[in-house]
Amino acid sequence: MHDTPTPGSTPAHRVSARPLEAAAIGILRAIASAAILGLAVATLAATSLATEPRPGGTLVVAAGPGLRHLNPAVQSGAHAGIGVQLFAGLVRVDDRFRPRPYLAERWEISEDGLSYAFHLVPGARFHDGTPITSEDVAFSLAVVKQHHPFGIAMFDGVEAVDTPDPRTAVIRLSKPHPALMQSLVPLLMPVIPKHVFGDGRDPRTHPMNAAPVGSGPFRFKEWLRGRHVILERNDDFFLEGRPLLERIVVRFFNLPSVRMLALEKGEVDYYPFAGVRFRDVPRLADNPDLRVSTRGYEAFGPVNYVEFNLRKPPFDDLRVRRAVAYAIDQDFMVTTLHGGLPRPGYGPLHRSSPFYGDGLNAYALDLVRARALLDQAGYAPDAEGVRFRVALDYPPFHADSLATGAEYIKVQLKKVGIAVDLRAPADFASWAQRIGSWDYQFTMNSHWTYPDPVIGVHRIYLCGNIRKTIWSNTQGYCNERVDALLREAGSTLDVARRKTLYGAFQRIVSEELPLYFINEEPYVTVSRRIVMDPPETVWGAMQPLDRVWLDR
């Protein structure tokens with residue numbers, strides 16, 4: 001067993017001596033060093049005349065609508081970041097993707113990589129005063145594995161969690177897991193209280209999801225639906241002197257323009273994942289009262305795409321899906337429609353991934369070929385040139401890439417005889433419910449690929465993850481060869497072998513087109529300059545805000 005002490009006390013040669021960690025760190029350094037965002041926006045460092053952080057104050061955060069609940073153990077997406085303030089995880093990661101102690105003060109990894117022993121911080125308690133124990137860790141991982149949208153894919157190799165004593169949790173694996181440590185951050189594996197959520201009720205609909213007892217730096221105070229969530233400082237937090245803020249208020253706005261106006265008027269301090277129009281970014285960067293940053297999104301790898309429901313006509317036919325792909329001019333979308341700010345996205349992996357495959361751009365604009373494929377599929381045009389009519393849903397987020405993109409796709413598909421009815425949702429929850437219940441034909445969509453494909457990519461393609469849950473395999477894609485490739489890639493630490501396996505996987509899904517990729521979404525954070533030490537490591541605002549303070 002190898003011991004991992006507090007950061008700063010481990011000689012470099014000891015870390016590199018571990019074959020398991022050496023492989024994982026090599027992958028993650030490659031991700032961290034990649035240029036994930038293509039925005040030409042200056043990242044301005046937080047500076048202050050204050051010599052020491054000042055405790056106290058209220059941070060007002062802007063967010064979009066659609067908050068379902070506050071428990072990140074059973075949901076994914078940007079709103080899960082609120083839960084990260086309420087719940088701690090075993091580890092957090094630094095700006096080089098290296099795991100650092102959080103609720104676990106140290107850990108040991110067996111030589112064969114099949115056993116991870118975590119030792120909890122002494123005296124850590126939930127917000128109701130109940131001690132946090134290894135039983136809570138075991139319970140939390142079981143809940144995430146069963147109920148999180150991609151828990152099955154993420155923790156497939158977890159055989160058991162042993163609890164030899166209240167402060168020690170031992171995760172036992174049936175196979176090596178190259179992304180286990182990255183999966184134990186609070187966003188993906190929050191430690192939730194067994195004595196609250198283990199009462200036999202469904203964790204996905206548990207009433208305490210709306211007013212949770214947590215383990216993190218902030219306590220739940222109030223949720224006024226559609227208006228705001230208020231979190232208050234946890235004075236009993238296990239990290240002494242933290243958090244610095246007295247309160248966090250998350251305000252919900254229906255429109256990105258209204259969120260930005262509130263920020264410019266000083267009503268909001270912090271706007272991560274800013275849903276601004278691409279053309280507005282330079283103007284915001286010139287505002288002396290604001291700070292615009294592209295940092296802090298390295299762990300996400302957001303990709304946008306058209307998702308087909310493969311269960312029913314017309315998109316159960318590969319020829320139809322390929323016809324759609326040939327009708328879309330992706331280069332035009334990126335360079336003209338979106339002003340050249342996002343990068344094209346040709347496949348299931350973000351280009352920041354060390355496993356990203358080249359040569360996947362197989363569907364250059366070809367309207368003649370698109371019409372021929374539709375003829376072959378038996379969809380002849382009628383007297384008005386219409387072959388069939390379909391509904392294209394799109395969500396309320398990523399307005400430039402997805403809503404504007406949907407308008408363009410409607411125009412393009414009309415050229416090959418496909419009549420498209422655009423369907424805008426009343427809100428995020430309405431769209432998520434429709435897609436999650438498989439009640440759609442095709443939709444604009446987006447997901448995060450996360451630091452490792454095991455976490456963010458497998459969930460979209462595995463046959464065993466076809467679930468009525470948004471951001472799982474909602475399209476209903478199943479290919480046994482793809483399953484085998486992903487299983488092997490997710491259980492080997494050999495980087496070269498993983499690259500080969502993921503290369504084969506990318507080629508197959510690019511040919512079979514369960515999704516047609518459009519672009520890689522660029523994210524920015526906009527904040528007022530009084531916000532000090534904003535989180536700009538790889539998880540950005542989806543990590544604890546315990547170090548943030550206000551220079552008023």
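**Group meeting: strands, helices and loops of a predicted model**

Strand 13, residues 290-293, and strand 20, residues 525-528, run antiparallel and are joined by four bridges. Please keep in mind throughout that this is a predicted model.

Strand 9, residues 218-224, and strand 10, residues 228-233, run antiparallel and share six bridges. Leu224 stands opposite His228 of strand 10. Three residues separate the two strands of this hairpin, and Gly226 adopts a positive phi near 80° there.

Let me now consider helix packing. The axes of helix 16, residues 480-489, and helix 17, residues 495-512, approach within 9 Å and cross at roughly 155°. Because the crossing angle is over 145 degrees, helix 16 is roughly antiparallel to helix 17. The crossing itself is left-handed. As for the residues involved, helix 16 contributes Arg481, Val482, Leu485, Leu486, Glu488 and Ala489. On the side of helix 17, they meet Arg497, Arg498, Leu501, Tyr502, Ala504, Phe505, Ile508 and Val509.

Gln475 sits in the loop between helix 15, residues 458-461, and helix 16. Is this glutamine buried or exposed? Gln475 counts as buried, because its relative accessibility is 1% and the cut-off for burial is under 20%. Its side chain reaches the backbone oxygen of Ile460 at 2.8 Å. Leaving aside residues up to four places away in sequence, Gln475 touches Glu307, Phe308, Asn309, Leu310, Arg311, Tyr440, Ile460, Pro514 and Leu515.

Helix 9, residues 318-327, also deserves attention. How many of its 10 residues are buried? Seven are, and the helix is thus mostly covered. The buried residues are Val320, Arg321, Ala323, Val324, Ala325, Tyr326 and Ala327. At the N-terminal end, Asp317 provides a cap, with a side-chain oxygen 2.8 Å from the backbone nitrogen of Arg319.

I close with the backbone geometry of several loops. As background, most residues other than glycine have a negative phi, and most peptide bonds are trans. Where do we find cis peptide bonds? One joins Arg242 and Pro243, with omega about -5°. Pro243 belongs to the loop between strand 10 and strand 11, residues 247-252. Another joins Pro313 and Pro314, and its omega is about 5°. Pro314 lies in the loop that leads from strand 14 to helix 9.

Positive phi values are the remaining topic. His398 has a phi of about 50°, although this residue is not a glycine. His398 is located in the loop between strand 16 and helix 12, residues 399-414. With a relative accessibility of 13%, His398 counts as buried. Leu513, likewise not a glycine, has a positive phi of about 50°. The loop that holds Leu513 lies between helix 17 and strand 19. Leu513 is buried as well, with a relative accessible area of 3%.

Conventions:
Residues are numbered from 1 along each chain as its sequence is written. This is a predicted model: local features need pLDDT of at least 70, side-chain atom pairs count only at pLDDT 80 or more; totals for chains, interfaces and linings use all residues. Side-chain values use heavy atoms; hydrogens and water are left out. Buried means under 20% relative accessible area, exposed over 50%, partly exposed in between (1.4 Å probe, protein chains only). A polar contact is a pair of N or O atoms within 3.5 Å; within protein, one must be able to donate a hydrogen and the other to accept it, and residues adjacent in sequence count only if both atoms are side-chain atoms. Contact means heavy atoms within 4.5 Å. Two strands pair if DSSP finds at least two bridges between them. Axes are lines fitted to C-alpha atoms, for helices over the stretch in contact, and angles run from 0 to 180 degrees between N-to-C directions. Angles under 35 degrees count as roughly parallel, over 145 as roughly antiparallel, 65 to 115 as roughly perpendicular and the rest as oblique. A crossing is left-handed if the near helix is turned anticlockwise from the far one by less than a right angle, and right-handed if clockwise.
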